[in-house]
Amino acid sequence: MFVVVFLEKNHFKEPSMRYFGESSLSSWIHRILQVSWVLVMVGFVVFTGFLAVAAFPEVGGKASAAICEAGKSDPEWVEFVRLPAYVKAMVFPYLMLVAFLLLQVVSQSRNLFSNFRQNSIFTTQNVASLSRLSRYLIGFSVVTFNFSTLLVSLILLLVCEIFKNGTALQTEHDLTV
């Protein structure tokens, strides 16, 4: 009798942290990714402006002179400042490509965790997001010469295939019920 009353009062409480759904780990990651998207965008604009002012003293005026003075102790910076303007200008398309790929990675991750937050796991939208995420990560790893990111992106391609099979099983299960 005591056991029955005890079980009725406790109702088999669930663990406090869930992985999917509202108020879960996915919700927290989704919020972090929203903030990081804004931070990457603002950081890219600020860094590009800083680099433009520092790299082209004709444009920056006094601010450029102060930045160049502070960088004189760094031999790589001194070498960069001595480069011709057309070579320094090639840095900006590279930075735009890196920022574009990073923003796409964060955007696809946001979409994925937004779906996880809504307890939508095995869907074709998640498979597409994972596929795009892994492709953007492959591009990012090649552009930044980062082997570990390349390894993670290849593992994500495998996870994408698992999600594709899981989605097929989920739709088959939904049709039979």
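Read from one end of the sequence to the other, the chain of this predicted model follows the pattern α-α-α-α-α-α-α-α-α, with nine helices and zero strands. Of its 177 residues, 29% count as buried, and the accessible surface comes to about 12,000 Å², of which carbon and sulfur atoms account for 70%. Among contacts between residues at least 6 apart in sequence, 61% join residues that are at least 24 apart.

Four aromatic pairs are found in the structure. One of them, formed by F113 and F116, is edge-to-face, with 5.5 Å from centre to centre and 85 degrees between the planes; the two residues lie three apart in helix α7 (residues 91-117), and are therefore separated by about one helical turn. F116 counts as buried, because its relative accessibility of 8% falls under the 20% cut-off. A further pair, F122 with F163, has ring centres 5.2 Å apart and planes at 40 degrees, and is therefore tilted. This pair links distant parts of the chain, since F122 belongs to the loop between α7 and α8 (124-144) whereas F163 belongs to helix α9 (residues 147-176), 41 residues apart. F122 is partly exposed, at a relative accessible area of 34%, while F163, at 13% relative accessibility, counts as buried. F113, F116, F122 and F163 together form one aromatic cluster.

Two arginine residues are placed over tryptophan rings. The charged end of R31 sits over the ring of W28, at 5.4 Å from its centre, and R110 lies over the face of W37, at 5.3 Å from the ring centre.

Terms used
Residues numbered from 1 in each chain as written. Predicted model: local features only at pLDDT ≥ 70, side-chain atom pairs only at ≥ 80, totals over all residues. Heavy atoms only, no water. Helix = DSSP H or I, 4+ residues; strand = E, 2+ residues; numbered from the N terminus. Buried < 20%, exposed > 50% of the residue type's maximum accessible area, 1.4 Å probe, protein only. Contact = heavy atoms within 4.5 Å. Areas by Shrake-Rupley, 256 points an atom, 1.4 Å probe, with all protein chains shown as cover. Phe/Tyr/Trp six-rings, centres within 6.5 Å; stacked < 30°, edge-to-face > 60°. Lys NZ or Arg CZ within 6 Å of the ring centre and 35° of its normal.
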